[in-house]
Amino acid sequence: MQITSLVLRSYRNYEELSLSFDGGVQIFLGANAQGKTNIIEALYYAAFGRSHRTASDAELIRMGAAGAHIALRFLRHDVPGALSFTFARGTRRRIERSGENLRQRDLVGILPMVLFSPEDLFLVKGAPALRRRYLDAELSQASPAYYGELLRYTHILRQRGALLKDIRERLAPVDALLPWDAQLAASAAYITARRIAATAELGALSAHVQAVLAAGEPLSISYEIAHAPAGLTAAKEGMTERLELWYNEMFKEGRARDIARATTGVGPHLDDLVLTTCGMNLRSYGSQGQQRTGALALKLAELFYLRDRVGEAPILLLDDVMSELDADRRRALLSFIRSEQIQTFITATDAAYFPEERMGTYRYVEAGKIREGK
């Protein structure tokens, strides 16, 4: 997997930019607010069809410009591909793959990518939604079927929420919930079963990475289903069917509560990942260093997981995380990148974060201008 070129026009603080890349490490150096993260954001947008920093495409358009453009070329299994995104104020953006129009739901998984940014350092100690998002992004890139089911689940959940509100206000009968509950239970069971399977694999991969980053501190990951009884997922065989029956029962038991609150109180939208080391819950009791190592291990485990699923390593984006890691963890991370030979894009404010021997292509960013350097 390799990104070979990137073109930006009127994107953020770049009026016109054209870059070519080899398959190694790409390092962007410069002071804050010069445009380093805008490069990372554009690459991430090409993989997911959205920014990791804003929900508004209008914010991507350079001030004073009528529109913006991202064009990216890549190799996947040595086969060339191209993606482009065109934005115009007041109109819907256009996505193209090799000149053909593309829907966003068909974009995810074309260019597998892993992003690690300062916000991801809160992956361990932050809210459960962050860990669910991490797991869903990983599974969606590996499986279009999972991504489609996730979209379906979200749609059903919203429809059920609207119906619960109508029932509470006596605008609809309680029986109207029955078909929605059946659909939601089947979708929830599918998503939960696949999250559990992925978590088991991630646990093994994360433990391997953790051993490299922090020797002597074993990492364990488990999937926690909100309100689930012990043993519900003990056996793999028939897990999806058992989960579907359980969700149907829980929706029935919690119907009065859900109507009163106009929200669904059980489902994968409420589950969590639990990380422990030496029997200690990292979120509650881990030191800041342990939490950061755990977050980094999760992200790097994602690389291995996607590589196993898609047949080659995904692209790795590291946005301004060097300053957030201590010297030992920086060295371990850079050593890992070198050993795995993954195309990696790194932004940083200081060249001193990197070893004296050159480890890739260095570019210097200043006020939306980029020059290559030593």
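Biologist: How many bridges join strand S3 to strand S14, and do the two run parallel or antiparallel?

Modeller: Strands of a sheet pair through backbone hydrogen bonds, either parallel or antiparallel. Strand S3 (residues 25-29) and strand S14 (residues 361-366) run parallel and are joined by 4 bridges. Two strands count as paired if DSSP finds at least two bridges between them; strands are DSSP runs of E with at least two residues, helices are runs of H or I with at least four, and both are numbered from the N terminus. Phe28 stands opposite Arg363 in S14. This is a predicted model, where local features need pLDDT of at least 70 and side-chain atom pairs count only at pLDDT 80 or more, while totals for chains, interfaces and linings use all residues. Residues are numbered from 1 along each chain as its sequence is written, and side-chain values use heavy atoms, leaving out hydrogens and water.

Biologist: In what order do the strands of the open sheet lie?

Modeller: The order is S8-S12-S13-S3-S14-S15, 6 strands with mixed pairing. Strand S8 (113-116) and strand S15 (369-373) each have a single partner strand, so one side of each is left without a neighbour in the sheet. From one strand to the next the twist averages 20°.

Biologist: Which strand does S8 pair with, and over how many bridges?

Modeller: S8 pairs with strand S12 (residues 315-319) in the parallel sense, over 4 bridges. Leu115 has Leu317 in S12 as its bridge partner. Met113 and Leu115 point one way from S8, Val114 and Phe116 the other way, and all are buried (under 20% relative accessible area with a 1.4 Å probe, protein chains only).

Biologist: How many residues does the largest nonpolar core have?

Modeller: In soluble globular proteins, nonpolar side chains tend to be buried together. A nonpolar core is a set of buried Ala, Val, Leu, Ile, Met, Phe, Trp, Tyr and Cys residues joined through side-chain atoms within 4.5 Å. The largest one here has 71 residues, and Leu318 and Ile337 are among those with the most contacts inside it. Helix H4 (residues 177-213) gives the largest share of this core, 13 residues. A second, separate core has 41 residues, including Leu6 and Leu115.

Biologist: At what angle do the axes of helices H2 and H8 cross?

Modeller: Axes are lines fitted to C-alpha atoms over the stretch in contact (heavy atoms within 4.5 Å), with angles from 0 to 180 degrees between N-to-C directions. Helix H2 (residues 128-142) and helix H8 (residues 288-310) have axes that come within 9 Å and cross at roughly 20°. That makes H2 roughly parallel to H8, a word used for angles under 35 degrees.

Notes
Buried < 20%, exposed > 50% of the residue type's maximum accessible area, 1.4 Å probe, protein only. Parallel < 35°, antiparallel > 145°, perpendicular 65-115°, else oblique.
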